[in-house]
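Subject: Structure for you to look at

Hello,

Here is the structure I promised to pass on. Please open it first, then read my notes below.

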Amino acid sequence: MLNFFQLIIIYAGIYALMAIGQNCITGNTGMLSLCHAGFFCIGSYATGIICKTLGLSFWLSLPVAAICSAVVGFLIGVPTLRLKGDYLCIATLGLGEIIRNIATNMNPVGLMSIPRAELFGYQFSSRNKVTFILLVWFFVLVAYILFRQLSHSRIGRAMTAVREDEVAAQSNGINVAKYKIGAFTLGAAIGGTAGCFATAYTLTVQPSSYTFMVSVMVLCMVVLGGMGNLLGVIVGAFIIEFIQYFPQLVGLSSVIPAQATQIIYGLCLVVLMIWRPQGILGRDKYRYGDPRSAKERLVSFFRRGEKKGGKA
Amino acid sequence: MKILETENLSRIFGGVVAVNDVNFSVYEGMVNGLIGPNGAGKTTLFNQITGMDKPTRGKIMFDGKDITGLPAWKISRLGIARTFQNIRLYRELTVVENVMMGLHFKVGSDPFKGRFAQAVKSYFCASKENRELYAQAMEWLSFFGMESEAQEFARNLPYGRQRELEIARALAAEPKVLFLDEPAAGMNPAETEHLMGIVDKIKKHGITVVLIEHDMKLVMNICDNITVLSFGQKIAEGSPEEIRSNPLVIEAYLGREDD
């Protein structure tokens, strides 16, 4: 039971990293992309190859995975620049599948028995989950701070403008193409690092696990938590992972088949979209035009519930 | 003095000649009107000048520089701002945030150089920069008397106010020339009156205005110079009095007598 809780926390952390990347692409810049599984795959392979084939440190694989995914993200971003909405969605879906198929064709078995991540002689193993939780969530925290700052800076402002109206953004002197490609590159980079942690935890890389469903799940986390709200996205990752492992958690995995979890989170999404289309935490009302001091902000955050009903 | 000029500017969509060899001039410090019946190519001309559309042939000179075919974001950084016929606000952002977007590229001293350094600096001092932008944006809002609506979502504003907000956003970039595409469309007489006041204020600020408009009362009242387009061709140019009595213009709008 406790074991499963820890497992959920670890996977929620890994997927939270992915969701932060997806949020950068979909939540901030407004591009509906479905190829995060591809970035995840690249990150996993980077760790697999560096740790096993080359015998180098896990820590080296983190920047390498980020750079490799970023390059692929950039390469996906350039040709799909002119695509919008559902067209972009289909194009990126195809590209995500291409990455998976390349991996499958190279070696359908994938990589096995990858050495564990090490820090000052301490090995992060799946047996000691607490330290692994600390490892993953430390990086989630770092990514959260980095991307939060990004979304408040001029880059984030420009991304928001691109999401809201591309034509108007151009007329305000914003180079739309640059920010779209930039968002893809950054989102892909963080998605790649998520792959590293997944590999470090399972110690295997199987190309069959990076399916389109992973991308959909990550997108669901973003939509569920609230597009463009980083905290919401992390909450979304938790919820989806919780639903995923719910049958095992309550010891009903023999009664509820694994496929049923997909039905459950499909249902959750439908219900949520009816009751709260903006996601659980929703968008922040103020992004940068917040005149209030930090204290006022804190007070209004806790009073959020009272003011509801005024404006939807 | 001419601040902007097009030379034989043409735009051909397949077999349709939307703009045909137009020599359009914008005089500095004046309110320049661009009128013509529906489908005359006014908005197409606007789009080409502001870089939203590429000319098929011809040249656009702005402030002594050739800006033909430059991307829209570069043109807007050179000092050409515009509003749109169908309002294009950042609807999910607040009013003040909309204006802050207009200030976007004004943050750095040079609109082109040192952008990367700007972005890095902005990354580390985001909240300070946001406060500065916020204060500047509020100044622009007070110019329009919209401070009380600053925290409202742009989409919740009434139609006339949305148009004004769009103008405020365009003005925030402190352009040399402001292009207004049918600013009075859908406005009631009181709102139109208010708009005329705004355009007058903008002109007094020393900003050249170019406007497309169908409301003849407005055009004849506030424009110093009017250009008339019909079927993609320039048929007349001159002061409001000259335009009013020009037989070609009357024909374009009302048809010929012996038809």
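How many of the 11 residues of helix H6 (residues 154-164) of chain A are buried? The count is 11 of the 11, so helix H6 of chain A is largely enclosed by the rest of the structure. Buried means that 20 or more other C-beta atoms lie within 10 Å of a residue's own; exposed means 12 or fewer, partly exposed is in between, and C-beta atoms are placed from the backbone. Among the buried residues of H6(A) are A:Arg154, A:Met159 and A:Glu164. Helices (H or I, at least four residues) and strands (E, at least two) are DSSP runs, numbered from the N terminus.

A word on the source. This is a predicted model: local features need pLDDT of at least 70, side-chain atom pairs count only at pLDDT 80 or more, and totals for chains, interfaces and linings use all residues. Residues are numbered from 1 along each chain as its sequence is written, while chains are lettered from A and ligands numbered from 1 in the order in which they are written.

Next, A:Gln262. It lies in helix H11 (residues 258-275) of chain A. A:Gln262 counts as partly exposed because it has 15 C-beta neighbours inside 10 Å. A:Gln262 and A:Ile9 are 253 residues apart in sequence, and 19 Å apart in space, C-alpha to C-alpha.

Now chain B. It has 10 helices and 11 strands. Of the 259 residues of chain B, 44% count as buried. The C-alpha atoms of chain B fill a box of roughly 70 × 40 × 35 Å along the principal axes.

Best wishes
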